[in-house]
Amino acid sequence: MAESIRISMRVPGTSPMPELLEMIRNIEAAGFDGAGILDSQMICRDTFVTMGLAASATSTLRLFPAVTNPFGRLPSVLAGAAQTVAEIAPGRTRFIIGTGYTSASTIGRRPATLRQMRRCITEVKALLAGDSVSYGDMTNRLDFAGSDGGQGVPVLMAASGPRSLQLAGEIADGALLLVGYTPGIVERALEHLEAGAKRSGRTLDDLEVIFAVRTCVADSNEEARRLARPVSVHWGLMWGGPNWLPYSGFDIPDYEIPQAVRDVYPDLGHAPNWEEAIDLTSFVSDEVNGQLCDAMGLIGTPEHCTERIRQMAEHGVTQLYLMPCLTFAPPEAEVRAFGNHIIPALNG
């Protein structure tokens, strides 16, 4: 792949482990830079077990939880798990943490607060660095910190709102930005990230910045946009999109969300019956859906996606994390499309 563009693929742990490892090997063979292992404990196989096995089954692929959270495991457990994987894949291990989404909703709790995120990230970074951390009346350290030969495990924060972007810029080694994918959105998001970085005396150049983009590749742009409808409507009208669409260059009308859409479990963007979810989004016109698709990611033919990647690279987007629209299905079609068409075209 062109040195200026690094692309990682999301991997849900919904398949049996042998199939999961075969998929991860295929991702490496297709020319991807990394693989993010989904962390949703009621739906997926254990993230860090999968990462450890994937580390042994690959040689170049960067591996990271995508994304873990502060409430499923203690920060000390998270640090130990990340350092253990790093012993198998030194220099190839990343640690990415967010507030939790389906990890929280599937056990009836709310996502973590930014206060909890600050405390967890600070503790994990300290432990991975070999520093001591206070626990009540005692202090302790991770005995095997640095056991990866000193390669280090960067700690990144997944962020989707302005305040979370600023926190990521302030305390993390980088950020996974779930904000959208237009020049205006990227510019505005980086402003928030930079504002946070300045609080700790840093600049954007001190941070690793990865843009998460929703992905659906099909033989026509129309079919890709149809398949992406549940995700585009969920993101654009109900979740993170309202924070960023004003900077997208698109004029998206206001909609009244039908109750049937709100009632989908666990939510519209993770619907188990995808065709039914597509039908439920018919209240949004094809034109508006197309705008939402372009605002949030790579939705279209291989040629369309390739051109969009090249265009956005000109606006500073050089690391991508692909999130296929079918969240809990193996990304077989996307791996083929990128491996056979998009990555070779970018290399060419």
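User: How many bridges pair E9 with E11, and in which sense do the two strands pair?

Analyst: E9 and E11 are paired over five bridges, in the parallel sense. Keep in mind that this is a predicted model.

User: Which other strands are joined to E9, and by how many bridges?

Analyst: Strand E8 runs parallel to E9, and four bridges join them. Here Ala-175 stands opposite Val-209 of E9. Strand E10, residues 297-300, is also joined to E9 by four bridges and runs parallel to it. In that pairing, Gly-300 of E10 stands opposite Val-217.

User: How do I read the side chains along a strand such as E9? Which residues point which way?

Analyst: The general idea is that side chains in a regular strand alternate between the two faces of the sheet. In E9, Glu-208, Ile-210, Ala-212, Arg-214 and Cys-216 point one way. Val-209, Phe-211, Val-213, Thr-215 and Val-217 point the other way.

User: Is E9 mostly covered or mostly open?

Analyst: E9 is mostly covered, as ten of its ten residues are buried. A residue is called buried when its relative accessible area is under 20%. The buried set takes in the residues that point either way from E9, Glu-208 and Arg-214 among them.

User: Why can E7 be called largely enclosed?

Analyst: Five of the five residues of E7 are buried, so the rest of the structure largely encloses this strand.

User: What are the pairing partners of E7?

Analyst: E7 is joined to strand E4, residues 95-97, by three bridges, and the two run parallel. Within that pairing, Phe-95 has Val-155 as its bridge partner in E7. E7 is also joined to strand E8, residues 174-177, by four bridges, again in parallel. There, Gly-174 of E8 is opposite Leu-156.

User: What kind of unit do E7, H6 and E8 make?

Analyst: Follow the chain from strand to helix to strand. E7, H6 and E8 make a β-α-β unit, and the unit is right-handed. E1, helix H1 (residues 17-29) and E2 also make a right-handed β-α-β unit.

User: How is E1 paired, and how many of its residues are buried?

Analyst: Five of the six residues of E1 (residues 6-11) are buried, and the strand is mostly covered. E1 pairs with E11 in the parallel sense over four bridges, and Met-9 has Leu-322 as its partner in E11. Another four bridges join E1 to strand E2, residues 34-37, which also runs parallel to it. Arg-10 has Gly-36 as its bridge partner in E2.

User: How do I read a pocket? What is the volume of the largest pocket, and which residues are closest to its centre?

Analyst: Begin with the volume, then look at the lining. The largest pocket has a volume of about 1,000 Å³. It is lined by 45 residues, and those closest to its centre are Thr-99, Tyr-101, Ser-160, Leu-178 and Trp-239. Elements that give two or more residues to this lining include strands E7, E9 and E11 and helices H4, H6 and H9. By class, the lining has 22 nonpolar, 18 polar and five charged residues.

User: How many disulfides are there, and how far is Cys-216 from the nearest cysteine sulfur?

Analyst: A disulfide needs two cysteine sulfur atoms within 2.5 Å. The structure holds zero disulfides. For Cys-216, the nearest cysteine sulfur belongs to Cys-325 and is 5.0 Å away. Cys-293 is in no disulfide either, and the sulfur of Cys-325, the nearest to it, is 7.0 Å away. Cys-216 is buried, with a relative accessible area of 7%, and Cys-293 is buried at 0%.

User: Where are the cis peptide bonds that join Ala-66 to Val-67 and Tyr-265 to Pro-266, and what is omega at each?

Analyst: Omega is the angle to read. Between Ala-66 and Val-67, the cis bond has an omega of about -15°, and Val-67 is in the loop between strand E3 (62-65) and helix H3 (75-88). Between Tyr-265 and Pro-266, omega is about -10°. Pro-266 lies in the loop between helices H11 (259-262) and H12 (274-280).

Definitions and conventions. Residues numbered from 1 in each chain as written. Predicted model: local features only at pLDDT ≥ 70, side-chain atom pairs only at ≥ 80, totals over all residues. Heavy atoms only, no water. 1 Å grid on protein atoms, 1.4 Å probe; cavity = no way out; pocket = protein on both sides within 12 Å on 5 of 7 lines; lining within 4 Å. Points joined across faces, edges and corners; volume = space filled by probe spheres on them. Nonpolar A, V, L, I, M, F, W, Y, C, P; charged D, E, K, R; others polar. Buried < 20%, exposed > 50% of the residue type's maximum accessible area, 1.4 Å probe, protein only. Pairing = 2+ DSSP bridges. Right-handed = clockwise from strand over helix to strand, strands pointing away.
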